[in-house]
Amino acid sequence: MEDFYCPKCFSKLKRLEGCGAVGYFCDSCKTLISRKKILNHEEMEKRSKKITKKI
Ligand SMILES: [Zn+2]
């Protein structure tokens, strides 16, 4: 199973399942992340590198 990451803090997201729908929850931000915004491992690495460069 693939892991997904938060677009804001890049933490691994918890997968929530219920009523046939799947949601992703970030423990650090305490928010649900919509499926359109979640990052897969590759996207997370790309984005976190970009941010590291800026800093
Ligand atoms: Zn987060």
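This report walks through the fold of one predicted model.

## Ground rules

Residues are numbered from 1 along each chain as its sequence is written. Because the model is predicted, local features need pLDDT of at least 70 and side-chain atom pairs count only at pLDDT 80 or more, while totals for chains, interfaces and linings use all residues.

## The chain as a whole

The chain holds 1 helix and 5 strands, arranged along the sequence as β-β-β-β-β-α. Here helices (H or I, at least four residues) and strands (E, at least two) are DSSP runs, numbered from the N terminus. The C-alpha atoms fill a box of roughly 40 × 20 × 15 Å along the principal axes.

## The sheet

Let's look at the strands. An open sheet of 3 strands runs in the order β2-β3-β4, with antiparallel pairing; two strands pair if DSSP finds at least two bridges between them. β2 (14-18) and β4 (31-33) each have a single partner strand, so one side of each has no neighbour in the sheet.

β2 and β3 (residues 21-26) pair over 5 bridges. Within β3, Ala21 is the bridge partner of Gly18.

## A look at Met44

Met44 belongs to helix α1 (residues 41-54).

Beyond its neighbours within four places in sequence, Met44 is in contact with Tyr5, Phe10 and Leu39, where contact means C-beta atoms, placed from the backbone, within 7 Å. Met44 and Tyr5 are 39 residues apart along the chain, yet their C-alpha atoms are separated by 6.5 Å.

Definitions and conventions. Two residues are in contact if their C-beta atoms, placed from the backbone, lie within 7 Å.
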